[in-house]
Amino acid sequence: MNRPGAQRPGDVPLEHRYTGADPIDWCGADVYPMYTEALPTGTTALRLRALSVMPPADVSGLGLGLTVTDGHVHLGGRTLGGVDIWSDALAAGIDITVTAEAPEALFTLTPVWVAGAGPQQSWTGNYGMVVDLLPDGTSTLWCSTGPGTPDFNELVVELTRADTDPAPTDQLPRMGAQPLVQAEPPLYARPTARVQPAVAAEPTGQPYAEQNVGRALHDLGSAMFARGEHDSARVLWAQAAEAGNSAAAYDLGLLALHVGDIGAARTWWQAAAHEDPRAAACLAELPQRT
């Protein structure tokens, strides 16, 4: 799935081409920043198995970051908001159970990696996924890490699922999806912090799927921010705001105000004010701060 020469030096990295959870075109293939799938009420069993692992020379570890929105992961006797699963575990195949806590629950998968002896990374460079949805419900995820040119052969993972405690629910369609490690990563890196959305209502006229994608992006950005990865958080919040998430627009306004960009703060809070009373209150106070 790699196309030599498809991206020339100086071309815009994939991270800057994404405008949300929708795919972008790369050499005729749909490339997603993450895989997103709705969860039915109850508990769902997920199985992840690597079909191929071929990291580039400068990548010392790679895997998938799993995050659950409005739910949690059960792993090793612990309940987590998310976990990073590295190639050693994926090669053997791993079973994980996730539980939905609300009708809007969903899970996301995105590539994670370590370059050389550096820190774990995600959401940067030429990362992305090509998703094959098979008739039997199995998904094949072709994953590219961030360093170098896009190469979706670096990690190929088969995803299957089974509802272990099914209950009737309206389901979102599966969507192609939109990163964390150490120099020698263990099977599981540190759990992803669970961060609840700061505010509430989504625009009522928004498509149901888009609302939930925006919420997932905001939650992921909040988790990044909590880990001190503020640039990554800003990118994710911008994507969430583009999808109509008012909480993300509010948070972006706070970031802009923190660096003294009053105009950008005003723009973000104006976008959020119709849904988020905090943004409206900040707008009312903003003239006193200029």
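Mentor: Helices (H or I, at least four residues) and strands (E, at least two) are DSSP runs, numbered from the N terminus. This is a predicted model, in which local features need pLDDT of at least 70, side-chain atom pairs count only at pLDDT 80 or more, and totals for chains, interfaces and linings use all residues. Residues are numbered from 1 along each chain as its sequence is written, and side-chain values use heavy atoms, with hydrogens and water left out.

Trainee: In which loop does Cys27 lie?

Mentor: Cys27 is not a glycine, yet its phi is positive, near 55°. Most residues other than glycine have a negative phi. The loop that holds Cys27 is the one between strand 1 (24–26) and strand 2 (29–31).

Trainee: Is Asp70 buried or exposed?

Mentor: Asp70 also has a positive phi, of about 60°, and is found in the loop between strand 5 (59–69) and strand 6. Buried means under 20% relative accessible area, exposed over 50%, and partly exposed in between (1.4 Å probe, protein chains only). Asp70 has a relative accessible area of 15%, so it is buried.

Trainee: Which residue stands opposite Thr97 in strand 9?

Mentor: Two strands pair if DSSP finds at least two bridges between them. Strand 6 (residues 71–75) and strand 9 run antiparallel and are joined by four bridges. Opposite Thr97 stands His74.
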